[in-house]
Amino acid sequence: MMIPVEIIKLKRDNKTLTKEHLSFFINGYLSGEVTDYQMSAFLMAVYFNGMTEEETFDLTEIMLNSGKTVDLSYINKIKVDKHSTGGVGDKTSLILAPLVASCGIAVPMISGRALGHTGGTLDKLESIPGFRVDYSIRDYKKIIEKVGVVMIGQNSDFAPADKRIYALRDVTGTVDNLSLITASIMSKKLAEGTDAIVFDIKMGSGANLQNLKESEKLTKYLISVSKKFGKKAIAILTDMREPLGYKIGNWLEVEECLEVLNGKIVKDLSKVNNLLSGAMIYLGGKAKSIEEGEKIAEQKIKDGSAYKKFLEIVEEQEGDVSYIKDWKNYKQDKYSKKILSEKSGYVREMNAYKFGLASIELGCGRKKITDKIDYLAGIILNKKCGDEIKKGEMICELWAGDMEKIGRAEKIITEGLVVSDKKPKERKLILDIID
Ligand code: URA
């Protein structure tokens, strides 16, 4: 018989836990024997003392086995998914999932909600009225067979341990730990029945792991767990020092994805999206190289097939298709404020972490588990790093349900903005590709 507090104390004292310890603690959390406050203390001990590679693998396996693993081998297509380690304005899943599916590759996608200062695919999808992300395994299989793509969340069937622990990490300052990130991502990816995975590893202030060495180790862990479970994997390291694209916030990000799916090129977002899609198309056997996959990705946007597939997903997952098609009638939140530049020069910094925190203040994320999200809240950028700006010109616009939230967000944003006299050097967006 094990006692929860003894396991917490072992990790607190930097001892290595056995698979039995971890299994007792995680499964005990699901059964109610371990409480939220004990799990929070445990996560904080892991945050400070870390886990060995073996503990990380064990944790991943236990979290995976807390639910079921789907067998999609009856679908006669290669299945490929993508998962990001988390970023600000990082909305590529909504573009690349339909895009890659439109190439004849199956895309089974189990995603997460907002986490720490970063947004989550599920919250973005739920900003579409009616859109459901809570399907059973039976319905999940039906949807992927019919549409070629499905986008859902963890539930009592899929990695339920991640669903509970993820929500707790979001509000207890325990997101940025590489073992917890590995187990969280991989328990979902291994449960969903994919053959191959493309990882988007975010680097810089807006990433969940801001330390370069830790990010390199995370890449190694994600690839080695994938291999251990017989999955092909490619990791792409991308810059996350400034938000990706021009829109941050749940509905606002869906809106920007619709713009891209309808042919607009948003420099950094389109580049990252096409590269990730290219890697997925390559792993899905529809291109001989990532570069060829990128060209196919561009084509699938140009000829409208990616957008058409997106509408099919919305329809199948019970979202309001007319809301999506209604380009001219996009909803806006009640209040807004334009943030203006106090001097002329060049935008040197738009700190992605600060923009992420500000978006939580506006109502895009949660401060405690029970908080309701304001789907229309968010930030629209008018400038990006490196752009020239005149004194009094708008840098960005904040949207929220009340002015107090806007006031608090403005304070955080201004701490993350730097305008300098000299034009800064152009940033490298794609930092590495590990095939
Ligand atoms: N994405 C996840 O699913 N989990 C994490 O911990 C971070 C990013």
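What percentage of the 435 residues in the chain is buried? Buried residues make up 60%, where buried means under 20% relative accessible area, exposed over 50% and partly exposed in between, with a 1.4 Å probe and protein chains only. This is a predicted model, in which local features need pLDDT of at least 70 and side-chain atom pairs pLDDT 80 or more, while totals for chains, interfaces and linings use all residues. Residues are numbered from 1 along each chain as its sequence is written, and side-chain values use heavy atoms, without hydrogens and water.

Now the overall form. The chain has 17 helices and 13 strands, taken as DSSP runs (H or I, at least four residues; E, at least two) and numbered from the N terminus. Along its principal axes, the C-alpha trace spans about 65 × 50 × 40 Å.

Next, the charges. Side chains of opposite charge can pair when their charged atoms come close. The count is 36 salt bridges, each a side-chain nitrogen of Lys or Arg within 4 Å of a carboxyl oxygen of Asp or Glu.

One joins arginine 132 to glutamate 318, with the closest N and O atoms 3.1 Å apart. Arginine 132 lies in the loop between H6 and H7, and glutamate 318 in the loop between H14 and H15, so the pair ties together parts 186 residues apart in sequence.

Glutamate 410 and lysine 337 also meet in a salt bridge, at 2.8 Å from N to O. Glutamate 410 sits in helix H17 and lysine 337 in strand S7, so this pair ties together parts 73 residues apart in sequence. Finally, Arg113, Asp123, Glu126 and Arg366 are linked in a network of salt bridges.
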